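Welcome, and please open the structure in your viewer. We will go from stop to stop, with something to select at each one.

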Amino acid sequence: EMPFKTAQICLVSSHPEVYEPCDDSFALVDAILADQTNLLKHNPKLCMEVGCGSGYIITSLALILRQLAYGAYYIATDINPHAVRVTSETLEAHGVHAELVTTDLASGLEKRLAGSVDVMVVNPPYVPTPEEEVGRDGIASAWAGGENGRSVIDRILPIADKLLSDKGWLYMVTLTANNPSEICLQMREKGYASRIVVQRSTEEESLRVIKFWRDFQNHLVANEMEFVNKTVPARVIQSLLSQFPGISKKWQQ
């Protein structure tokens with residue numbers, strides 16, 4: 001068995017039209033490594049990468065998690081057929097396996113994977129570009145993110161929400177220009193908590209790898225609060241909460 005902990009650059013395959021591992025790829029793998037203990041306890045059954053590029057990330061994930069007692073099933077997608085072939089070669093060179101699908105994000109897989117993905121990793125096209133550059137053929141599709149670099153990210157979030165299991169975790173790379181706090185707020189409305197696992201600044205960009213997970217308790221409180229707000233006048237709630245300062249803080253978060 002190979003002793004590699006993550007994918008080795010010298011074994012990562014390449015093609016002129018496929019995005020090579022770069023600072024963002026390394027940051028995402030570092031986030032997985034930083035959370036490795038939690039991931040192993042989490043015991044995921046199904047792991048997915050959306051937009052696999054060279055295969056560096058899905059291969060690293062499979063290597064990091066290979067000590068799982070029963071092993072996980074891996075699936076990776078990319079809209080670029082060259083990327084799917086390159087990922088296949090990278091996986092094979094490291095002795096790990098994933099099912100590979102040439103498709104746009106998770107198109108055609110929603111029904112099959114709904115509510116069953118325990119770990120999703122995404123290094124999306126996050127670079128702010130003119131809208132018309134988004135989703136072009138070849139390598140440009142790997143980075144062109146449209147206005148604020150959010151075009152593809154904003155399509156990924158609802159897909160992640162559909163595919164993630166109740167215990168599902170999403171790790172996603174973002175750039176400061178993407179307004180990560182607004183992304184977290186958007187996900188919070190869908191019932192997710194979030195935290196920054198890795199933060200890294202290069203000369204050109206400031207990267208954050210954010211982890212999202214379903215936060216049932218707080219979502220329940222928020223939903224109850226919404227119901228109460230709709231049915232009980234605000235001043236009544238305020239006067240009730242003022243009598244219980246401890247509760248007040250929790251309910252107003």
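Select Gln-36 to begin: leaving aside neighbours within four places in sequence, Gln-36 is in contact with Lys-5, Ile-64 and Gln-67 (contact means heavy atoms within 4.5 Å). Gln-36 sits in helix H2, residues 36-42. Helices here are DSSP runs of H or I with at least four residues, strands are runs of E with at least two, and both are numbered from the N terminus. Is Gln-36 buried or exposed? At 11% relative accessibility, Gln-36 counts as buried; buried means under 20% relative accessible area, exposed over 50%, and partly exposed in between, using a 1.4 Å probe and protein chains only.

A word on what you are looking at: this is a predicted model, in which local features need pLDDT of at least 70, side-chain atom pairs count only at pLDDT 80 or more, and totals for chains, interfaces and linings use all residues. Residues are numbered from 1 along each chain as its sequence is written, and side-chain values use heavy atoms, with hydrogens and water left out.

Now zoom out to the whole protein. There are ten helices and seven strands. Of the 253 residues, 48% count as buried. Among contacts between residues at least 6 apart in sequence, 73% join residues at least 24 apart.

Next, select helix H1 (residues 23-34) together with helix H3 (residues 56-64). Their axes are 10 Å apart and the helices pack at an angle of about 15°. Axes are lines fitted to C-alpha atoms, for helices over the stretch in contact, and angles run from 0 to 180 degrees between N-to-C directions.

Move on to another helix pair, H6 (residues 151-163) and H7 (residues 180-189). Their axes come within 11 Å and cross at roughly 25°, so H6 and H7 are also roughly parallel to each other. Which residues meet here? Ile-153, Asp-154 and Leu-157 in H6 meet Ile-183, Gln-186 and Met-187 in H7. This contact divides into four nonpolar residues, one polar and one charged.

Asn-148 lies in the loop between strand S4 (117-122) and H6, and has a positive phi of about 55° although it is not a glycine. Asn-179, in the loop between strand S5 (164-175) and H7, has a positive phi near 60°. Asn-148 is partly exposed at 45% relative accessibility, and Asn-179 is partly exposed at 36%.

Finish at Lys-211 in strand S7, residues 206-214. Lys-211 counts as buried, at 5% relative accessibility. Look for the polar contact of 2.7 Å between the side chains of Lys-211 and Asp-35. A polar contact is a pair of N or O atoms within 3.5 Å; within protein, one must be able to donate a hydrogen and the other to accept it, and residues adjacent in sequence count only if both atoms are side-chain atoms. Not counting residues up to four places away in sequence, Lys-211 also touches others, including Trp-169, Tyr-171 and Arg-195.

Terms used. Angles under 35 degrees count as roughly parallel, over 145 as roughly antiparallel, 65 to 115 as roughly perpendicular and the rest as oblique. Ala, Val, Leu, Ile, Met, Phe, Trp, Tyr, Cys and Pro count as nonpolar, Asp, Glu, Lys and Arg as charged, and the others, Gly among them, as polar.
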